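This report describes selected local features of one protein model.

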Amino acid sequence: MSSDETSTNTTGIDPTVRQTGAQLATGENTNTLLQTDGLVKRFGGFTACDDVDFGVDEGELRCLIGPNGAGKSTLLKLVTGTYAASEGSIYYDGHDITDFEPHERVQQGISMKFQVPSVYGDLSVRENVRLPIQRFADGAERRRRVDDALTASGLSDHADAPANTLSHGQQQQLEIGMAASLEPDLLLLDEPVAGLDVEERAEIADRITRLNEERGIAFVVIEHDTEFVADIADHVTVLHQGEIFREGPIEEISADPEVKRIYLGGDH
Ligand code: ADP
Ligand code: MG
């Protein structure tokens, strides 16, 4: 059957099926996990996200920086489905998720820790961790995932403490562990170290790096502090006025006078 073998398709793509944009951008023949295509978000007459093509590779750890109001949180909320896109597309792992409901995106493997803390202070650390997990797992699987999330958050020793006895930094750790308990392929973190001291920041950097290296979870982390960014990420995207302003290695970005200028608000 050698004549058949010569026509064997080694790419894994059936040439008779037309590839969708989602498959071309984020399908199995690429390393790209997430890709936005001409993404726009308007609030009334104001454009918060303006024609953004933002891509993240599988297992990558990307930082998203930019001045206040640049559109960073909006971009992540478009990816999670918190906001509906005004225009453009969002591709993820071979699927066009632009019109997916938020819970469908979670099922696809996208998880997010929002800017505002959302732990229940009266519940113990373990009970907080159990909340998102009990919706889809029970018995031994639930226990495994709860223990796993406690490990991921670095709070196994505080499992029975009420969450309101945790420091602000530990609460952030808890939320990262909770988001990781959904076993995502992509984890979005909106300012996970805002208001934290140097030691707490180092702890969060360590948690993020471990989840990235040990579990292969890709990250997009919003953060201003260039030291923290340099600690965890190589590649940085700068948003400014809703658009991608720069993209590149952190050393290049932090030395860029144009980036310094937008942070100082010199163009207003
Ligand atoms: P960043 O996270 O970079 O600080 P945001 O994405 O939160 O910026 O906001 C970008 C711009 O969009 C800001 O000017 C903000 O006021 C505006 N914006 C964000 N969310 C809304 C909303 N729900 N309604 C109206 N305007 C919004
Ligand atoms: Mg924000």
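## Buried positions and contacts distant in sequence

Lys 113 is buried, its relative accessible area being 1%. Here buried means under 20% relative accessible area, exposed means over 50%, and partly exposed covers the range in between (1.4 Å probe, protein chains only). Lys 113 belongs to strand E7, residues 110–113. Helices (H or I, at least four residues) and strands (E, at least two) are DSSP runs, numbered from the N terminus. Although 75 residues separate Lys 113 from Leu 188 in sequence, their C-alpha atoms are 6.2 Å apart in space.

Val 129 is also described by burial and by a contact. This residue sits in helix H5, residues 125–133, and counts as buried at 0% relative accessibility. Its C-alpha atom is separated by 6.7 Å from that of Ala 149, a residue 20 positions away along the chain.

## Basis of the model

The model is predicted: local features need pLDDT of at least 70, side-chain atom pairs count only at pLDDT 80 or more, and totals for chains, interfaces and linings use all residues. Residues are numbered from 1 along each chain as its sequence is written, chains are lettered from A and ligands numbered from 1 in the order in which they are written, and side-chain values use heavy atoms, with hydrogens and water left out.

## Salt bridges

A salt bridge is taken as a side-chain nitrogen of Lys or Arg within 4 Å of a carboxyl oxygen of Asp or Glu. The structure holds 16 salt bridges. One of them joins Arg 144 to Glu 141, with the closest N and O atoms 3.2 Å apart. Both partners lie in helix H6 (residues 139–153), and because they are 3 residues apart there, about one helical turn separates them. Arg 144 is partly exposed at 40% relative accessible area, and Glu 141 is likewise partly exposed at 33%. Glu 141 and Arg 144 also take part, together with Arg 145 and Glu 183, in a network of salt bridges.

Other bridges connect separate elements. Arg 201 and Glu 223 meet through their side chains at 3.8 Å, N to O. Arg 201 lies in helix H8 (residues 198–215), whereas Glu 223 is in the loop between strand E9 (218–222) and helix H9 (226–232), so this pair ties together parts that are 22 residues apart in sequence. Arg 201 and Glu 223 are both buried.

Arg 246 and Asp 256 form a further salt bridge, in which the closest N and O atoms are 2.7 Å apart. Since Arg 246 is in strand E11 and Asp 256 is in the loop between helix H10 (250–254) and helix H11 (257–264), the pair ties together parts that are 10 residues apart in sequence. Arg 246 is partly exposed, with a relative accessible area of 29%, while Asp 256 is buried at 14%.

## Cysteines

A disulfide is a covalent bond between the sulfur atoms of two cysteines. Under the criterion of a pair of cysteine sulfur atoms within 2.5 Å, the count comes to 0 disulfides. Cys 49 is in no disulfide, and the nearest cysteine sulfur, that of Cys 63, is 18 Å away. For Cys 63, the closest cysteine sulfur is that of Cys 49, and the 18 Å between them is too far for a bond. Cys 49 counts as buried at 1% relative accessibility, and Cys 63 counts as buried at 0%.

## Loop residues with positive phi

Which phi value does Asp 93 have? Its phi is positive, about 50°, although Asp 93 is not a glycine. Asp 93 is located in the loop between strand E5 (87–92) and strand E6 (95–96) and is partly exposed, with a relative accessible area of 35%.

Gln 241 is another residue other than glycine with a positive phi, near 50°. This residue occupies the loop between strand E10 (235–240) and strand E11 (243–249), and its relative accessible area of 47% makes it partly exposed.
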